[in-house]
Amino acid sequence: MARVKHRVGINGSLEKIFETLTTNEGFAGWWASSAVVNAKIGGEIDLTFEGLTVLSFKYTDIQENKKVDIQCIKGPGPWQDSEIFFAMEQAEDQVFLTLTHQNSAASEDDFLYFSTKWSCYLLSLRDLVETDKGRPYPNDIKIHLGD
């Protein structure tokens, strides 16, 4: 099983962070070129990365302002069947967002890209919450040629 885990502190509210994971504007503000979201358990998310691919997920758990779990139901390679867990925790002066991305059928080498790229996208999410301007695809931080 391949797995990556990251944590970022965000100067923002639980509510605003939760919105980034449950709305069209949220996902399109920090991750994808555009998004179509049906934010309920079993509901689907279609994330379009313009000129590249579409990733489709379904919500497997939603606990308002606490956690959002999704599973990839359509995507290339190690995306397929990946599980992504977002957990939010209020600290005194910030919210910690922890992301866990895992796939039982993938290898650690399959996740080399994810291990680095999730840091870029989590910082994009942080910037969206803190400044109202994230860096979604195609304006994300690139980690190699062709990214």
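Reader: Is Asn 65 buried or exposed?
Author: This is a predicted model, in which local features need pLDDT of at least 70 and side-chain atom pairs count only at pLDDT 80 or more, while totals for chains, interfaces and linings use all residues. Residues are numbered from 1 along each chain as its sequence is written, and side-chain values use heavy atoms, with hydrogens and water left out. Buried means under 20% relative accessible area, exposed over 50% and partly exposed in between, with a 1.4 Å probe and protein chains only. Since its relative accessible area is 16%, Asn 65 is buried.

Reader: Where is Asn 65 placed, and what is its phi?
Author: Helices (H or I, at least four residues) and strands (E, at least two) are DSSP runs numbered from the N terminus. On that basis Asn 65 lies in the loop between strand 4 and strand 5 (67-74). Asn 65 is a residue other than glycine with a positive phi, near 60°.

Reader: Is Asp 132 buried or exposed?
Author: Asp 132 belongs to the segment after helix 3. Although not a glycine, Asp 132 has a positive phi of about 65°. Its relative accessible area is 58%, so Asp 132 is exposed.

Reader: Which peptide bond is cis, with omega near 5°?
Author: The proline concerned, Pro 138, is found in the segment after helix 3. The cis bond runs from Tyr 137 to Pro 138.

Reader: Which residues have the most contacts inside the largest nonpolar core?
Author: A nonpolar core is a set of buried Ala, Val, Leu, Ile, Met, Phe, Trp, Tyr and Cys residues joined through side-chain atoms within 4.5 Å. The largest one has 40 residues. Helix 3 (residues 112-131) gives the most to this core, with seven residues. Those with the most contacts inside the core are Trp 30, Trp 31, Phe 57 and Trp 118.

Reader: Which residues does Trp 118 contact, leaving aside neighbours within four places in sequence?
Author: Contact means heavy atoms within 4.5 Å. By that criterion, the partners of Trp 118 are Val 4, His 6, Trp 30, Trp 31, Trp 79, Ile 84, Leu 99 and His 101.

Reader: Which residues form the covered face of strand 1 (residues 2-10)?
Author: In a regular strand the side chains alternate between the two faces of the sheet. The uncovered face of strand 1 holds Arg 3, Lys 5, Arg 7 and Gly 9. The covered face consists of Ala 2, Val 4, His 6, Val 8 and Ile 10.

Reader: How many bridges join strand 1 to strand 7 (residues 95-103)?
Author: Two strands pair if DSSP finds at least two bridges between them. Strand 1 and strand 7 run antiparallel, and Ile 10 stands opposite Val 95 in strand 7. The number of bridges joining strand 1 to strand 7 is nine.

Reader: How many disulfides are counted?
Author: A disulfide is a pair of cysteine sulfur atoms within 2.5 Å. The count by this rule is zero. Cys 72 is in no disulfide, the nearest cysteine sulfur being that of Cys 120, 19 Å away. Cys 72 is buried, with a relative accessible area of 0%, and the number of disulfides is zero.

Reader: What is the radius of gyration of the protein?
Author: The protein has three helices and seven strands. The radius of gyration is taken over C-alpha atoms, and the globule rule is 2.2 Å times the number of residues to the power 0.38. That rule gives 15 Å for 147 residues, and the protein's value is close to this, so the protein is as compact as a globular protein of that length; its radius of gyration is 14 Å.
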